Amino acid sequence: MPPIRRLAALSLLLAASCAGASEPVGRVRVAFDRAGETAVRAEGLADVAAGRALTADDPARVASVSKLVTTIGVLRLVEAGKLDLDADVSTALGFPLRNPAFPDVPITLRMLLSHTSSLTDAAGYWNVPLGQDIGIITGNPQAWDTQHAPGTFFRYTNLNFPLVAQAMERVTGERFDRLMRRLVLFPLGIDAGFNWSGSSEAAMARAVVLYDDKRQPQKDDLHGRRPACLVIAATDGSCDLSRWQPGRNGTLFSPQGGLRISARGLARIGRMLLNDGELDGVRLLGPASVALLDTPVWRYDGSNGVIGEEDEPNRGGFFCAYGLATQQLAQGDGKRCRDDLFGDGRPRIGHSGNAYGLLSGLWIDRAAGTGVAYFATGVANDSSGARSNFSAIEEQGASDR
């Protein structure tokens, strides 16, 4: 490393070490409009041990923003006639998916995408080893809300998305990670992948290490190397992906949260949505599909849903309206349900993410033709914001601090 760059990296390392616990290890923000990026800010470290500065091109595990990207792939398959949002999803899955308390009520893809399926995360959602079947979760009575019929109640549930991925795999015969590269990432020219699958060696060399709020590494401390196993290994410890079978285990590539992508890559997805499904001459979605993402499927009426994340006791309620894997902002009452992340009352769509000390977001204001993508690492997941039940770090990421 040249002396000047080494000095800069050491300075960043010292700053990160001396900063208060509330300060991120690193954060990046990319603002954009329909034509391109309008402002870029990156500060802090991507890798503390290496003293590597964070840039807007460095890929991070962006957590639940992955759900929105997965849904773009779903809508491409809907447009191609391979999936139906309102058909019984059991047909696409190849097995009956039913809440045991409501066996006669079909569950649809629209319900899975909008978290109104009556599934819960109480039995788990990611821990199905290679070679096993997701039935070890869906067959557990704890996986189901037996008090509310499918389609009647909102509960944010990660398990919905492995089932979505399984439906995608079974109707195409393609593995989810490869399918998402073909349908979304590669057409947009984005060097990204679910669980690093398909990401270039150069991207993995720039991996953002995820730190908790005590600055301890939690995820993707790769040291410049490809992970030995991209999925949850088999129970015997092996990682032979030739054992993959379409539509059997949709948890493998973490469709609910495992996308590794840069803030610049997220901004390209946001620009595509602002441009009604097209970017740089490539049409990914039709305008009608983009309009579906703009449309709430569910709105909080005071009793028809759980407005917070049930596994996050330090978070208040900010799920006030939700569409097809899109949070619809500025729809709450400002009292119990506080979702005005930007503090200006303007409706926006997008998705937030949190995991392993990372907070992320991709948000677009279609009326204004603007958007922002951001993430921060080494931060607490709380409701410390001044104007919403998001955190102060997220409010800073949303606005131009």
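Tyr 156 and Phe 319 are both buried, where buried means under 20% relative accessible area with a 1.4 Å probe and protein chains only, exposed means over 50%, and partly exposed is in between. Bear in mind that this is a predicted model, in which local features need pLDDT of at least 70, side-chain atom pairs count only at pLDDT 80 or more, and totals for chains, interfaces and linings use all residues. Residues are numbered from 1 along each chain as its sequence is written, and side-chain values use heavy atoms, with hydrogens and water left out.

Back to the rings. There are 11 aromatic pairs in the structure; Phe, Tyr and Trp rings (the six-membered one for Trp) pair if their centres lie within 6.5 Å, with planes under 30 degrees apart called stacked, over 60 edge-to-face and the rest tilted. Tyr 156 and Phe 319 count as stacked because their ring centres are 4.8 Å apart and their planes meet at 15°. The two sit 163 residues apart in the chain, Tyr 156 in the loop between α5 (135-138) and α6 (160-172) and Phe 319 in the loop between β11 (298-299) and β12 (321-322). Helices (H or I, at least four residues) and strands (E, at least two) are DSSP runs numbered from the N terminus. Both residues belong to one aromatic cluster, which also takes in Phe 154, Trp 298, Tyr 300, Phe 318, Tyr 322, Trp 363 and Phe 390.

Cys 320 is in the loop between β11 and β12 too, and it counts as buried because its relative accessibility is 3%. Its contacts (heavy atoms within 4.5 Å), leaving aside neighbours within four places in sequence, include Trp 298 and Tyr 300 as well as Cys 337 and Arg 338.

A charge sits over a ring if NZ of Lys or CZ of Arg is within 6 Å of the ring centre and within 35 degrees of the ring normal. Lys 67 does this over Phe 161, 5.9 Å from the ring centre, and Arg 348 over Phe 342, at 3.8 Å.

Helix α7 (176-185) is largely enclosed by the rest of the structure, because 8 of its 10 residues are buried. Among what covers those buried residues are α2 (65-79), α6 and β8 (259-261).

On a 1 Å grid over the protein atoms alone, a cavity is a set of points where a 1.4 Å probe fits but cannot get out, a pocket is an open set with protein on both sides within 12 Å along at least five of seven lines, and lining residues have an atom within 4 Å of a point. Points are joined across faces, edges and corners, and a volume is the space filled by probe spheres set on them.

| Space | Volume |
|---|---|
| Largest pocket | about 840 Å³ |
| Largest cavity | about 110 Å³ |
| Second largest cavity | about 50 Å³ |

The largest pocket has 37 lining residues, and the closest to its centre are Arg 61, Tyr 125, Trp 126, Gln 256 and Tyr 356. β14 (349-355) and β15 (358-365) each give at least two residues to that lining. In the largest cavity, α11 provides the largest share of the lining, 4 residues.
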